[in-house]
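Dear colleague,

I am handing over the structure below, and my notes on it follow. Please read them beside the model.

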Amino acid sequence: MARYHIETYGCTSNRGESREIERRLRDAGHRRVDGVDEADVAILNTCTVVEKTERNMLRRAEELADETADLYITGCMALAQGEEFRDADVEGEVLHWDEVPDAVTNGECPTTTPDAEPVLDGVIGILPIARGCMSNCSYCITKFATGRVDSPPVEENVEKARALVHAGAKEIRITGQDTGVYGWDNGERKLPELLERICTEVEGDFRVRVGMANPGGVHGIREELADVFAEYDEIYNFLHAPVQSGSDDVLEHMRRQHRVEQYLDIVETFDEKLDEWTLSTDFIVGYPTETDEDHEMSMALLRETRPEKVNVTRFSKRPGTDAADLKGLGGTKKKERSKAMSELKREVVAEAYESMVGETRSVLVTEEGTADSVKCYDEAYRQVIVQNASEHGVEPGDFLDVEVTGHQTVYAFGKPV
Ligand code: SF4
């Protein structure tokens, strides 16, 4: 769990983006702190409206870089004049705002705190089903905070899901460091059973999104899991299984619990059992032992499996982890690899959204967006934005059909039919 400090300058659009960064960081278990001196990570969302502002942004970035281990610089100046930060040797990473949450997460799993309780956020109910994980990844600091996996009984989680739906949740987000290993501490693999019981025992109209599940845990339950996904319409056909690398050598160095072959088995099983589903995965680029060949293997795996959602994180050292003692690859190499992979990711993801244009999709409206828009998700958890929401009379919690009219890289646009 990282403690972050965020500063936002400029217009309401920047403020909206910072809000979204914060929401995603909170969902992943990170905590905002007041003041950079208490933070592990600082985020500077910049503005570039006049020259004086530019000078202020540069000065502020230098100050923040001196005061924290990791600095991420985003916003208008970062994107339009990112070289100014580089020319000034500011020790920070320039990123699009959308990439900031993943960079902060550093390839680690989301953090569920030991006393995590279900939380309702609008019509989204967050249900942490277990805490802790079964792994010992070499780069992960989260595991120090959360410890070994500890799974409450299925009944307890079903009861929490029921309470969330009763309180108004339309989307239940099942979370944990690694949802695929739920029950393993008691020698059982309980995720498919939990999903089935939520779908059959909780009354109401709702959708269930299954959160991050490492391939190592999913592999042994892939058949049952895909069967449950196929059987119940309530469950989004969406699996977030972070592979992290296309090279078995790097996976071994990372001490991941899976190998590429197992990841491919999972994809194959879901392809066989589901007509349409969304594969979400993560790659860490620039791990200290990653060679050019390893990187090419990751690129090839991305091309082969064509996930519809991909998080690319440039490796960064976390204090106290084994990977922090390894000699790093150097910023330029990491930057080149991350750029190449991000470009490929955009191509692959855009293709998935492009293929939706002209189709009609059943969606759930989950939250308000910016400028009178709403965010919706279809059955495969693809994001569809409906603009002029008040004119169409749609609001969070509504189920409706939309025609997909266009797309950006990571979401589609639609209008109610
Ligand atoms: S699976 Fe690995 S990255 Fe995730 S919490 Fe466990 S040790 Fe950390």
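How many residues of domain 2 are in contact with residues of domain 3? With contact taken to mean heavy atoms within 4.5 Å, 23 residues of domain 2 are in contact with 21 residues of domain 3.

Before the rest, two notes on conventions. This is a predicted model, in which local features need pLDDT of at least 70 and side-chain atom pairs count only at pLDDT 80 or more, whereas totals for chains, interfaces and linings use all residues. Residues are numbered from 1 along each chain as its sequence is written, and side-chain values use heavy atoms, with hydrogens and water left out.

Domains and records

The protein is divided into domain 1 (3–105), domain 2 (119–354) and domain 3 (360–416), with bounds that come from an automatic or database domain assignment. An unreviewed UniProt entry places the feature "domain: Radical SAM core" at residues 119–359, and the UniProt annotation "domain: TRAM", also from an unreviewed entry, covers residues 354–417; UniProt positions are given in the numbering used here, feature names are shortened, and annotations may be inferred rather than shown by experiment. Residues 119–359 are 42% helix and 14% strand, and the end C-alpha atoms of that span lie 34 Å apart. Residues 354–417 are 8% helix and 50% strand, with end C-alpha atoms 19 Å apart. Helices (H or I, at least four residues) and strands (E, at least two) are DSSP runs, numbered from the N terminus.

The interface of domain 2 and domain 3

The C-alpha centres of domain 2 and domain 3 lie 25 Å apart. The area buried between these two domains is about 1,800 Å², and carbon and sulfur atoms give 59% of it; buried area here is the accessible area (1.4 Å probe) that two parts lose on being put together, summed over both. Of the area that domain 2 buries against domain 3, Tyr236, Glu276 and Tyr353 supply 35%, more than any other three residues.

Across this interface the rule finds three salt bridges, each being a side-chain nitrogen of Lys or Arg within 4 Å of a carboxyl oxygen of Asp or Glu. The rule also finds 10 residue pairs in polar contact across the interface, both residues at pLDDT 80 or more; a polar contact is a pair of N or O atoms within 3.5 Å, where within protein one must be able to donate a hydrogen and the other to accept it, and residues adjacent in sequence count only if both atoms are side-chain atoms. On the side of domain 2 that touches domain 3, strand E8 (171–175), strand E9 (207–210) and helix H14 (331–354) each supply at least two residues, and H14 gives the most, with six residues.

Salt bridges by residue

By the rule above, the count comes to 36 salt bridges. Because arginine 24 and glutamate 20 are four residues apart in helix H1 (residues 12–27), they are separated by about one helical turn. The side chains of arginine 382 and glutamate 308 also meet in a salt bridge (3.5 Å, N to O).

Glutamine 257 and glycine 216

Glutamine 257 sits in the loop between helix H11 (248–253) and helix H12 (260–273). Not counting residues up to four places away in sequence, glutamine 257 touches Ser135, Asn136, Gly216 and Gln262.

With best regards
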